[in-house]
Every structure is written in C-alpha cells, then in structure tokens.
Amino acid sequence: MSKEEGGSAVKSPGAEPTLGTDPFEDTLRRLREAFHSGCTRPAAFRAEQLQALGRFLQENKQLLHDALAQDLHKSAFDSDISELIICQNEINLALKNLQAWMKDTPASTNLFTKLDSAFVRKEPFGLVLIIAPWNLPMNLSLVPLVGALAAGNCVVLKPSEISRGTEKVLAEVLPRYLDQSCFAVVLGGPEETGQLLKHKFDYIFFTGSPRVGKIVMTAAAKHLTPVTLELGGKNPCYVDDDCDAQIVANRVAWFRYFNAGQTCVAPDYLLCSPEMQERLLPALQSAITRFYGDDPQSSPNLGRIINQKQFQRLRALLGCGRVAIGGQSDECDRYIAPTVLVDVQETEPVMQEEIFGPILPIVNVQGMDEAIEFINRREKPLALYAFSNSSQVVNQMLERTSSGSFGGNDGFIYMTLPSLPLGGVGHSGMGRYHGKFTFDTFSHHRACLLCPAGLEELNNIRYPPYSHSMQELVRWALGSHSCTLL
Ligand code: NAD
C-alpha cells in the first residue's frame with residue numbers, strides 16, 4: 001500500500017494488544033462491554049465526554065491548525081470557521097440542551113390507554129461507527145462524534161487515511177481526552193475499513209463518496225445495521241438573467257474556491273444563459289483577483305489539493321471545454337488555480353463526475369425552465385443554489401427540484417446553522433445531522449407504553465368472545481378518536 005493510500009490499522013492508545021488475525025476484535029469487544037455496563041447512559045457521563053472534547057479543541061488549537069495547514073494548506077482563519085468553531089458550537093449546543101434532548105417525549109393516548117403513560121424514549125444505539133472523509137477532516141469526524149456521545153453511545157471513529165496530519169492528531173491526542181473504555185480511533189484505508197465493516201455495529205455514520213457509500217451500505221445490510229450516508233455529487237447553481245453579476249460572482253467564487261473547491265456542498269457547475277455568462281466572466285475574474293490577488297498561488301487564503309492522485313484527476317478535468325479563467329497548475333505544490341471553464345459538453349468528464357476542486361464549468365441554458373429540466377434529468381444533488389432578484393424564480397427552483405439542501409442567493413453559509421439539517425437525498429445520501437438532528441440520528445426512538453399492572457376489568461372489553469354491544473362500543477370509541485386498534 002502506498003503512503004498516499006494510507007497506512008495499516010492502528011488502534012487508539014490504551015487499547016489491548018491484539019492477538020489473532022482480526023486487529024479490531026479486542027477493541028470492539030471492549031467497547032461493547034462498556035456499553036452493556038450502562039456507563040454511557042447517565043447525562044453526567046455524556047456531559048463529561050463533551051466537555052473533554054471541548055478541552056481537546058481548546059488545548060490543541062495550534063496542533064490542529066498545523067495539521068489542517070499540512071493537509072490542505074488551510075489558513076488558521078479558514079480552519080477556525082470551517083472546522084474548529086463549528087465543532088465547538090456543536091459541543092456547546094449539546095451541553096446546553098443535553099437534559100432536554102434526553103428527556104422522554106410524552107405521547108398522546110386514546111380511550112384504551114387513558115390511564116397509561118405513553119412516551120418516546122431516546123436511547124443510545126450501542127456501539128456506533130463513524131467513518132470520515134479528508135476534505136473537512138476535523139469537522140466531519142467531530143461533529144458526528146458530538147451527537148454520538150451526547151446520545152450515550154460507545155464510538156469507533158475511523159478518520160480518513162488521506163488527511164494524514166489530522167488523522168495523526170485524532171489517533172494520538174483525542175483518545176487521551178475521552179474515556180477509552182467507550183471510545184476508540186481506528187486507522188486505515190479501504191482494505192482495513194472493509195475488514196472493520198465485517199463487524200456488527202449498531203449504527204454506521206458514513207461521510208464520503210457515493211461509490212464507497214454503496215460499499216458501506218452493503219456491509220451494513222449483512223447485519224441489518226442502520227446507516228446515515230452523507231454523500232457527494234454535482235451541485236447545480238442557477239444564475240438568472242436579472243442578477244447583479246458582481247454580487248453573484250463574489251458569492252459563487254467564495255464558496256466554489258473555499259478549501260480549493262474540496263467542499264461537498266460547493267456549487268459544482270453554473271447554469272446560466274450565454275448573455276449572463278458574458279457578464280459573469282469578468283465579474284468572476286474580478287472576485288478571484290480580489291480574494292487571492294494577481295498570483296493566487298502565493299495567497300495564504302487558497303487551499304491546496306489534498307494529494308497527487310486528486311491533483312492528477314483534477315488536472316485532467318482542465319482539458320474539458322475551454323479555459324476562460326485560470327487553468328494554471330503546479331504539481332510540486334499541488335496547486336490548481338481558481339478556474340472557470342466554458343463551452344463544456346454534458347458528456348465530458350467534468351460534467352459527469354463530482355469535481356471536488358477549484359474548477360467551475362458553466363453550462364448554458366435558456367432560462368429557468370431549461371435549468372430545472374437539466375437538473376431533474378440528473379441524480380438528486382446534495383445542495384442546489386439559485387440566484388435571482390425575483391423571489392418567484394427562487395421559489396420555483398425550490399418547488400420544482402429536489403436536493404439535500406437549497407440556497408437562495410447565497411452559498412453554504414447555511415451550514416453554520418445547527419438549526420438546519422445537513423443531509424442528502426437519493427444519490428447524495430440518506431439521513432441528516434447537525435445540532436439536535438445529530439443527537440436524534442444517534443438515538444433509537446423507542447415507543448413506550450407503561451400500563452397499570454392491575455385494573456384488568458378495564459381490559460376485559462378487548463378480549464373475545466366479542467359481544468355485539470362491545471363491538472359497537474369499541475367501534476365507536478376508536479372511530480370517535482380517529483385511531484385504529486392495530
Ligand atoms: P471516500 O468515499 O473515498 O472515503 C471516505 C471514507 O471511506 C474514508 O475514511 C476512507 O478511508 C473510507 N473508504 C474509502 N474506500 C473504502 C472502501 N473501499 N471500503 C471501505 N471504506 C473505504 O471519500 P473521500 O474521498 O474521503 O471524500 C470525498 C467525498 O466525500 C466526496 O464525494 C464528497 O462530496 C463527499 N463528502 C460528503 C459530505 C457530506 O456531508 N455529504 C461531506 C464531505 C465530503
């Protein structure tokens with residue numbers, strides 16, 4: 001296995017030495033035993049773990065900045081706003097609301113259950129697995145972890161082997177903060193993750209590509225393990241003719257080129273008329289120069305491509321259509337300039353695969369209807385964006401398409417709101433998280449009805465043989481309460 005593809009499976013510090021051929025067995029047994037001991041259930045334990053996670057972020061800020069700079073050339077500011085502050089906010093929110101989230105939710109009763117207590121209990125699934133990608137390696141490891149811990153689970157975290165700097169910090173430093181009988185980091189690439197997935201987990205939370213999502217779901221199906229799949233795809237961005245080109249260009253350039261375009265919710269391509277394209281090109285050039293200067297390669301605010309494999313893939317995409325802006329690349333630096341492509345064909349690779357880099361193709365359509373038809377012919381995206389001065393156009397785009405999330409006249413700034421769920425639909429994934437949604441994702445919602453042990457005379461009406469008058473009474477009672485017996 002090459003360095004680029006990742007190393008061998010390593011368990012977090014504190015794990016028992018491995019005997020036998022399966023490197024994960026002992027760790028998983030230890031975590032499962034801890035879960036069955038009930039130690040993760042009390043709110044106080046969960047809060048302790050969340051506070052410890054917060055301390056991990058606070059006390060290792062420099063280490064985390066360095067790791068993210070090493071992996072993705074992220075500036076400290078970019079690391080803070082896209083990774084560390086988001087994680088800390090999720091921790092704070094979970095700590096503030098833990099008691100309320102854990103509380104049983106009372107459920108309404110009917111005539112037959114009037115004396116009973118009906119409620120929904122949020123109970124932990126048990127042993128859960130979180131598999132993370134490399135593009136926001138802290139955020140996409142720790143935000144799910146916050147919800148998994150808050151919900152009282154034992155957790156195995158498998159960070160990406162590609163973002164090696166952050167993987168190292170997560171494996172070597174994070175476990176020192178958390179209770180190691182309940183939490184472990186395991187390392188490895190496709191081969192080791194495949195081996196890990198042979199084990200039974202009670203929940204799997206996967207973030208990554210649709211291709212690997214299918215592998216994860218297939219493995220989970222063998223154990224009937226529920227999954228959340230946070231996947232990617234091609235996110236369309238429609239720009240209506242009535243827009244101010246410079247405003248659109250500023251917003252689009254910021255969220256397309258952030259993290260060198262390696263963001264799952266970034267706009268993958270623009271849809272606009274040829275006339276709008278003519279206005280957008282100088283505006284995009286102006287935004288790129290304003291953000292990254294005349295020589296973007298020397299800008300501290302522009303990220304780098306994660307590795308050579310991704311770099312080669314992206315460089316090949318530069319050959320699609322015609323380069324209108326940018327197009328330069330430097331292999332030694334894994335640098336690709338913020339690029340705009342025009343005259344691209346739908347059949348070209350740049351319009352077939354998720355770009356996941358600083359390249360923005362423009363596809364020409366004549367108006368909103370054609371844009372909607374183009375979008376609906378393809379897989380449902382993770383995010384969809386529409387720019388227009390007309391709220392009618394924005395609403396039509398929302399109404400007549402489907403996507404995991406939708407942005408009207410802006411980009412992924414909605415990701416900063418834990419009150420909004422992040423998740424795909426169809427090919428872009430299933431399930432959702434952020435804020436309370438993460439807690440709910442990692443909780444089994446158990447239906448509970450507690451009845452009095454006595455008072456049997458009240459139950460006698462439901463037992464056969466059913467007299468005519470009893471049948472009438474039961475029909476009336478059920479009918480008048482709009483409910484069914486079964
Ligand atoms: P990936 O699917 O290649 O890898 C994700 C994880 O799966 C990694 O931990 C990796 O080690 C593991 N993995 C890879 N191959 C495997 C295999 N054969 N068997 C088992 N495990 C395997 O994704 P990536 O390249 O790390 O990340 C990029 C993708 O993730 C893009 O498609 C992007 O859109 C998507 N993504 C989605 C979101 C979201 O929130 N929906 C967020 C970030 C990234």
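The following questions and answers walk through selected features of this predicted model.

Visitor: How are residues numbered, and what pLDDT do local features need?
Guide: Residues are numbered from 1 along each chain as its sequence is written, and side-chain values use heavy atoms, with hydrogens and water left out. In this predicted model, totals for chains, interfaces and linings use all residues, side-chain atom pairs count only at pLDDT 80 or more, and local features need pLDDT of at least 70.

Visitor: Is L129 buried or exposed, and which residues does L129 touch?
Guide: L129 belongs to strand 3 (residues 127-131), where helices (H or I, at least four residues) and strands (E, at least two) are DSSP runs numbered from the N terminus. Because buried means under 20% relative accessible area, exposed over 50% and partly exposed in between (1.4 Å probe, protein chains only), L129 at 0% counts as buried. With contact taken as heavy atoms within 4.5 Å, and residues up to four places away in sequence not counted, L129 touches V156, K158, L196, L197, F201, Y203, I204 and F205.

Visitor: Which residues are in contact with H434, leaving aside its neighbours within four places in sequence?
Guide: H434 sits in the loop between strand 17 (429-430) and helix 15 (436-441), and its relative accessible area of 3% makes it buried. Leaving aside neighbours within four places in sequence, the residues in contact with H434 are E90, V143, M415, P418, L420 and L422.

Visitor: How many salt bridges does the structure hold?
Guide: Side chains of opposite charge can pair when their charged atoms come close. A salt bridge here is a side-chain nitrogen of Lys or Arg within 4 Å of a carboxyl oxygen of Asp or Glu, and the number in the structure is 19.

Visitor: What is the N to O value for the salt bridge of R32 and D202, and how many residues apart are they?
Guide: The side chains of R32 and D202 meet in a salt bridge at 3.0 Å, N to O. This pair links distant parts of the chain, with R32 in helix 1 (residues 25-37) and D202 in the loop between helix 8 (190-196) and strand 6 (203-207). R32 is partly exposed at a relative accessible area of 23%, whereas D202 is buried at 17%. The N to O value is 3.0 Å, and the two residues are 170 residues apart.

Visitor: Which residues are linked with E373 in a network of salt bridges?
Guide: E373 and R377 meet through their side chains in a salt bridge of 3.1 Å, N to O. E373 counts as partly exposed at 41% relative accessibility, and R377 also counts as partly exposed, at 48%. The residues linked with E373 in the network are E346, R377 and R378.

Visitor: What is the phi of F356, which is not a glycine?
Guide: F356 lies in the loop between strand 13 (339-342) and strand 14 (359-364), and at a relative accessible area of 13% F356 is buried. Although F356 is not a glycine, its phi is positive, at about 55°.

Visitor: Which peptide bond is cis, with omega near 0°?
Guide: P465 lies in the loop between helix 16 (456-459) and helix 17 (468-480). The peptide bond that is cis, with omega near 0°, runs from P464 to P465.
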